[in-house]
Amino acid sequence: MVQVKIWGSLRHATDGKAEVEVEARNFRQLLDRLSEDYPGLRPQIERGVSLALDGMIYREAWFTEIGPDSEVVLMPFMTGG
Amino acid sequence: MNMQYARPETAAEAAGLLAAAGGTTRVLAGGTDVLVQLKSGMVEPELIVDIKRIPGVRDITKEDGGFRIGAAVSGAQLGEHKALVALWPGVVEAVELIGSTQVQGRATMVGNLCNGSPAADSVPAMVAANAIARIEGPNGTRDCPVQDIPVSPGKISLKKGEFITSIFVPARPKHTSDAYLRFIPRTEMDIAVVSAGVSLELDGDGTCTSARVVLGAVAPTVVLVEDAAKAIVGTKLEDAALAALAKACSAACKPIDDKRGTVEFRTQVAGVLAKRAALIAYDRAGGRT
Amino acid sequence: MKSMHISTTINGDSAEFVCGPDETLLDVLRNRLGLTGAKEGCGTGDCGACSVTLNGRLVCSCLVMGAEAEGAEITTIEGMAEGDQLHPLQKAFIDHAALQCGICTPGILVAAKALLDKNPDPTDTEVRYWLAGNLCRCTGYDKIIRAVQIAAKEMRSA
Amino acid sequence: MALDLHAKRVFKQVGTRPPRPDGVDKVTGRAMFGADATAPGMLFARVLRSPHAHAVIKSIDAADALALKGVKAVVTSDDFGLPEDMFARDVQDNCLARGKALYHGHGVAAVAAISDAVAKQALKLIKVDYKVLPHVTDVDEAMKPGAPVVQEGRSEENVGAGLSQNVTTYCEFGHGDLKAGFAKADKIIERSFKTAATHQGYIEPHACLASVTSDGKADLWCCTQGQFAVRTVCAEIMGMEASQLRVTASEIGGGFGGKTTVFIEPIALALSRKTGRPVKMVMSREEVFKATGPTVSSSMDVKIGMTKDGRITAGEAKLRYQGGAFPTGTVTMGAQSAFAAYDLEAVRTYGWNVMTNRPKEAAYRAPGAPMAIFAVESVVDEFCQELGLDPLDVRLKNAAKKGTKSAYGPTFDEIGLVATLEAATAHPHYKAPLGPNQGRGLSCGFWFNFGGNTCVSLNINTDGTVGITEGNPDIGGSRASISLMAAEELGIAYDKVRTIIADTNSLGYNDITDGSRVTFSVGLATIEAARNAIRIMCARAAKIWGIDEDAVVWEDGAAKPSGPNAGDFEPMTLADIAAVSAETGGPIAGHHEVNADGAGVSFGVHLADVEVDPETGATKVLRYTVFQDAGRAVHPDYVEGQMQGGAVQGIGWALNEEYIYNDEGKLQNAGFLDYRVPVASDLPNIDTVILEIPNPGHPYGVRGVGETPIVPPLAALANAVSRAVGVRMTELPMSPPKLLKALSGKG
């Protein structure tokens, strides 16, 4: 199981939880599980999210492997100038 | 779309062309305002009269102890004329503040005057200097104080067919000088938010005997502030006199709020600039040697 | 709108063109003569990207009418290097990274050359005020001012 | 791609300052920018723009314009389809209004004619019947339930009730117990802040040349930060297949984020398709200000608690950003970055994106971060004044470092903030004396940095030189940095390498030149492409020598036998191997395609000294020093250039730059005369100190450097000015009228 930290305004979709647990070995699975377990997250996931794994931010990358002790943080999709 | 460009060889020919045109016309010397107007589509003149071929318009000539400055003399040319700079440093510095080095290569004091902007840099200095414009028109030549040329923002008192061929700045006795200051948010490239030109005459011991204090960008036209002059005449520009001058200047302001400044700011800073310009002119006139 | 036939000198070579009375010198250089080194950043004399010299004076070519080129001598960025020899300013700009995107560079070089022709040993402040009409949005001007001074020094010792 | 284990290696070329490859073209006027392209028989196009801030377009009658001699076509939004992709639809609707003009300057119709003059004339003949609607341009006004609604149905699901439909996004970030945190504080400061919308102010207006042929193919030349992104959105709008639309990026005259999207290209394509001729479009400067993408303007509340000795116990920020007439996402970036420089137990940020009747915001260097960090850094500075603490000490005491749980969620890896703060503390600037009416301010800055999709193709020429093809327009010298990294990796001289920028049919997809990604991502792909080429070259040498591939190493630009064969053969240089490439199996090339991650965040600290004229409110910047972590400065000149350029844009933002609207919602200062970017005489030299704390995510340790430098100047200047005048300035720009008013209010 992976602990995923979500940002505050998504808590409306996670019964108020700041951290949710899903079964996933990589980002693709993680996003799929999140969408299934918390349908309220789906619109945001479809609009785009980044994921931080142990402090490193990934914008896309389905097959990035997640270890059991990894720190996983869901973030909005990043844009820049 | 049917704009014509003409390049007359004489002033009379130019006046004739301007008088005969049915629609909007523009006189072209430096072009730094005219081309901006054309670019923005603000005006669509039927005729552009380039006056630079007219004899004398590009010359600075000595006359009665003063100087006659041709209508197409650029700011850069003015700044290079040592005798003129020595006689009327404030007038020259005012013209030299207009725009960039590039604009200085073209911009003229007559153009600055005829654009009709209350914020025109050279106008307060010219009015403080009692400068006289020479006007060519269908009925011949006439002279008119610069002070009487601006009427309201964008409007001047010249009649159909008339245009200015030169500006005359008069001779000066000893112990006289002038100065011009403007406030802009940057150090260059802005239009004056508020400005002040001051011309002074002193007696041998440094007492001010006469003064002309003129403000720009605080009313529909530049403002000659007689109360400000009164505040310093008879003084050696001590703090109290300067405070009275600043107060008189602020009292004479009738500015507007716009994208460049507020009523409050213009009113307050007009006094500050007049005070500072008066001190510079005073130093130049030898008041504090 | 009647077109005019204009004879002029550009970078030392005689040139002729036909233009409408509403065309600026910048329009003519870029569209009629293929000299696209002068850039239009604003068209109102506020950015200096179109700087050229007209009869030895630094001007914004967007504020000059094409018709005014009649009988005049004009120099543009294209005339700055002598053959394959870059002007010391051009070389200093490359060597000292005084350009990033490069759009303002032609105008700044023409303006800086006009300064050094007039004043071979300017102070930093003089350089900054001379170039105040040349906007650069990439560099913060720092490396431009340094490069002008380096070129000035080299030209003085040459 | 992780930092090389030999990251401590001594670089031979990376870190040097050779001349850039495009230098001569750019100093001789030869470089071709957006407006410099021509095509045979091309037409000239212009756009008619809305004179109203908000108006229903009841009808458009172009008959008279079409009747004008020389006019070839007019297009309106009716000439476009309705893309399903909302992003593309918004881009399209921003080019030409569909049904309703949403801001002053919004495109309504466009005309193509045989000359620019005819096109300009034709615009006057197009009759548009408007029904003017109430408008809103202020962010706080636009959030109120009764505000004029710019677009309906654009709010995301989590926007709370009781707000106008103009509010499109709500977000919240942070961790810890705010209440407990504030309870621990000895002092709490709450302040509200405002910043004006600013513009990137690139000197090159948008320009393009579109050529659509009757067989459905198209070519588009344009100045852009990303030709591939232009292709994606234009193909979507035009209903074309990507392969049929080739986009070539011209040299680009500045972008800073403003050329990450399109404003005219779909119009030029539509007109070209309609007329069957090439169509050129060049925006005027006025159009650039009115109808491209300025930044957000903001309204913000910050509350921070601190102990007497300078430890922050809790921080909270509420950020409201308006981004013009379409939904944008910028506030999420601001809300994540506001407190990024701090190691906090309790932090919360809230953000709202809001639509108004202004042009659609585009990215501008570190989008969303400068204003949020301005607000936070201002409050921290006020604490330092109130509690008599040293501002750098307080930053150091609270600084984020490796292991800090960041305010936006993830735990930081190696970051350079502490080193940067220490460098500032040690610098003579920080201790230099100040005179009357002078003040010193400082601020931290932060940006995330990105990687992204990147392709590089590296060809070994038979004469021993190397050609690199990459897909990101070079805005600030990146061709030099890419060439340097290739030369370093291959072990050949810098001037043997030439890097060019590919069109969209010559290389795989590349993300936009944004997010400070190019030196990082393209560099990473270049290093990997070089390594691929090296593997091939080693294999060729092994074949020639008749030994195992594994027994060949690459050192100093040559293949050398190693292990049991060491010394058996003379090394073969890149040129030796290249010369016989035909005989040994054919041309040699390396390439690499990646969606790069691991960009590594970037921190900077700026010190600013100012003097304020107490009688006029004029601010003069006396001294300015930038300290920034670059990971590894590949070409230090261009790293410094990014730091200096960003700093000066930030100085402009702090002092004078702003979008000014009148009561009718019309932009008042659409030109460089009254939109006041800093000029040369406004500024001192901008001193730079580059720190190099290697980024663990890049083989050479490179971090992006382009965006962070615009973040700190806003607060650095505000803090310096506030200290100089003795009044806390909370609104940007700190223009002289505002400053003088504050001074007068001080009494």
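Which residue in β7(B) is the bridge partner of B:R134? The partner is B:D143.

## Model and conventions

This is a predicted model, in which local features need pLDDT of at least 70 and side-chain atom pairs count only at pLDDT 80 or more, while totals for chains, interfaces and linings use all residues. Residues are numbered from 1 along each chain as its sequence is written, chains are lettered from A and ligands numbered from 1 in the order in which they are written, and side-chain values use heavy atoms, with hydrogens and water left out.

## A hairpin in chain B

Strand β6 (residues 132-137) and strand β7 (residues 140-145) of chain B run antiparallel and are joined by 6 bridges. A hairpin of 2 residues links β6(B) to β7(B). Strands (E, at least two residues) and helices (H or I, at least four) are DSSP runs, numbered from the N terminus. Two strands pair if DSSP finds at least two bridges between them.

## Two helices in chain C

In chain C, the axes of helix α3 (residues 105-118) and helix α5 (residues 142-157) come within 11 Å and cross at roughly 45°. Axes are lines fitted to C-alpha atoms, for helices over the stretch in contact, and angles run from 0 to 180 degrees between N-to-C directions. α3(C) and α5(C) are therefore oblique to each other; angles under 35 degrees count as roughly parallel, over 145 as roughly antiparallel, 65 to 115 as roughly perpendicular and the rest as oblique.

Residues C:I108, C:A112 and C:L116 of α3(C) meet C:I144, C:V148, C:A152 and C:M155 of α5(C).

## A sheet in chain D

An open sheet of 4 strands in chain D has the order β16-β24-β25-β26, with mixed pairing. Strands β16 (438-447) and β26 (686-691) of chain D stand at the edges with a single partner strand each, so one side of each has no neighbour in the sheet. The twist from one strand to the next averages 15°.

Within chain D, 9 bridges join the antiparallel strands β24 (residues 602-612) and β25 (residues 619-629). D:A608 stands opposite D:Y624 in β25(D).

## Contacts between chains

Chains C and D share the most contacts of the 4 pairs of chains in contact; contact means heavy atoms within 4.5 Å. Chain D gives 52 residues to this contact and chain C gives 42 residues. About 3700 Å² is buried between chain D and chain C, 57% of it from carbon and sulfur atoms. Buried area is the accessible area (1.4 Å probe) that two parts lose on being put together, summed over both.

No contact joins chain A and chain B, and their closest C-alpha atoms lie 27 Å apart.
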